[in-house]
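Hello,

Here is the structure I promised to send you. Please have a look at it first, and then read on for what turned up.

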Amino acid sequence: MSLETISQMDSAQQSAVTPSKYKFVQAFARFLHLRSTTGVAPVDNFVQKIKPRDKVTDVLLEEDRNWDTLPQFDIKEKGSQQWDALDVLLAELFASISSLKAAYAHLQFSQRPYDSDGIRMADQIIVSELKNLADLKQSYVNEQLDLPLESSLLAEIKEQKSMVKTYEIMVKKLERQIKLKESEIAFLREKLEESSWQNRLLIKSTERSWPFSDLQNIQLSSLNHIHFDAFLKYTTESLRNFVRSMVDEMKAACWDLDAAANAIEPGVIYQKEDHKCFAFESHVCREMFDGFQCPDFSQPKESLPQESKSQQQLFFDRFVELISREPMDSLRENPESAFAKFCWVKYVRLIHPQMELAFYGNLKLRNKLNAGEYPETTFFYIFLEMAKRIWLLHCLGFSLEHHASIFQVSRGCRFNEVFMEPVAKEELLAADNMPEEYDQQVAFTVVPGFRIATAVLHCQVYLMTSKPA
């Protein structure tokens with residue numbers, strides 16, 4: 001084998017072993033010897049003259065002269081020993097920089113909240129690493145790169161530990177920010193509860209006072225369907241307020257409202273996106289008005305007098321007693337009353353455990369009710385106000401000489417203005433512009449209707465358009 005071939009093989013092996021590090025060390029060594037202050041800088045493998053500044057202090061000029069005394073390493077000439085020395089130097093340099101970075105991050109982390117021990121520790125590490133960097137510079141200047149090769153591995157381990165420590169500090173900082181955000185969320189929730197409570201009181205104070213003024217002073221013999229119709233509108237307002245609150249909770253829990261509305265009333269095409277709330281209103285009405293036709297509202301173990309007149313007076317007395325009171329006060333004073341049982345049964349039926357779990361992340365509200373306690377949340381207060389008005393409407397319906405009977409319209413029935421009214425105004429406009437060959441049919445009943453003797457109180461329905469066969 002020729003000497004030329006052996007030389008080529010040696011050079012190939014050397015380039016294959018350390019091509020990237022070799023180039024990096026060369027670039028780093030070249031960078032240390034650049035004479036930037038004299039106006040000479042390398043640009044893409046050629047030297048470009050740069051115009052020096054007009055004002056250069058003697059200190060800078062003196063520092064520039066010192067660059068001439070720095071050692072100039074030529075790796076190709078000095079061989080692998082010089083390369084190993086620079087490799088150890090760079091490893092020590094990067095390890096010190098990483099440790100300095102971690103110490104600085106620890107210093108920032110310890111400032112808020114103030115941690116004197118953490119600041120003192122970080123300060124000591126920073127001073128120590130700066131001294132280490134100064135020693136490395138002095139070793140380089142004096143060409144005393146006699147560091148053992150094992151130092152390279154130790155330096156890499158130190159660098160990795162410093163990086164891990166930096167990331168740990170970042171994680172702690174993020175955890176602290178999360179705790180701050182959680183406390184802000186808790187504070188905002190309390191403010192929301194307070195605002196909702198104030199809003200509820202404001203709405204209550206601005207509502208029409210006729211149920212309290214007229215009906216409190218009216219005699220039993222003077223009751224008629226007009227009073228019932230007025231109180232039905234008053235009840236519907238509270239019911240829709242509860243539906244809005246329930247839909248807001250569903251949105252906050254990231255529920256699929258489209259799927260939920262379709263599960264309640266499948267196959268309905270809504271004219272507007274916000275009309276889907278009528279499906280939820282229909283569901284609430286079905287649950288809350290279930291058993292309305294029974295004198296005991298389908299409550300178990302509820303005994304009533306048998307005489308017709310005494311039943312009328314009993315229901316009217318219940319109406320007068322509860323109408324001016326807060327529902328929560330009534331529940332606390334008489335937790336075994338028929339109204340308390342009604343609220344418990346309706347809440348358990350209306351709010352499914354999975355729904356409550358999605359809203360609040362637990363079943364505390366349901367568990368409190370099962371234990372005979374009543375949670376003080378805005379959502380439950382809105383439910384109680386709705387339940388109170390429906391209970392009073394039931395009492396008022398059975399206080400009349402001819403009891404109010406409830407009815408609803410099945411899906412597919414043709415719209416009849418005698419018994420029904422559309423729940424959305426857009427449906428009336430659609431009916432006016434609809435071709436004659438199309439009929440408007442009931443998609444579902446939203447609010448039930450009532451019959452009192454010969455009087456009919458319209459049920460509110462959501463309509464769909466269909467072409468007869």
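A residue is called buried when its relative accessible area is under 20%, exposed when that value is over 50%, and partly exposed in between. Please keep in mind that this is a predicted model. Of the 469 residues in the protein, 37% are buried.

Now for the overall picture. The chain forms 18 helices and 8 strands. If you take the contacts between residues at least 6 apart in sequence, 73% of them link residues at least 24 apart. The protein's accessible surface is about 28,700 Å², and carbon and sulfur atoms account for 54% of that.

Start with E129, which you will find in helix α6, residues 116-141. Is E129 buried or exposed? Its relative accessibility is 7%, so E129 counts as buried. Setting aside neighbours within four places in sequence, E129 is in contact with S96, S99, L100 and K158.

Next, go to W344 in helix α14, which covers residues 338-350. W344 has 38% relative accessibility, and therefore counts as partly exposed. Which residues does W344 touch, not counting those up to four places away in sequence? They are L369 and N370. The side chains of W344 and N370 also make a polar contact, at 3.1 Å.

Enjoy exploring!

Best wishes

Technical notes:
Residues are numbered from 1 along each chain as its sequence is written. This is a predicted model: local features need pLDDT of at least 70, side-chain atom pairs count only at pLDDT 80 or more; totals for chains, interfaces and linings use all residues. Side-chain values use heavy atoms; hydrogens and water are left out. Helices (H or I, at least four residues) and strands (E, at least two) are DSSP runs, numbered from the N terminus. Buried means under 20% relative accessible area, exposed over 50%, partly exposed in between (1.4 Å probe, protein chains only). Contact means heavy atoms within 4.5 Å. A polar contact is a pair of N or O atoms within 3.5 Å; within protein, one must be able to donate a hydrogen and the other to accept it, and residues adjacent in sequence count only if both atoms are side-chain atoms. Accessible areas come from the Shrake-Rupley method with a 1.4 Å probe; for residues, only the protein chains shown count as cover.
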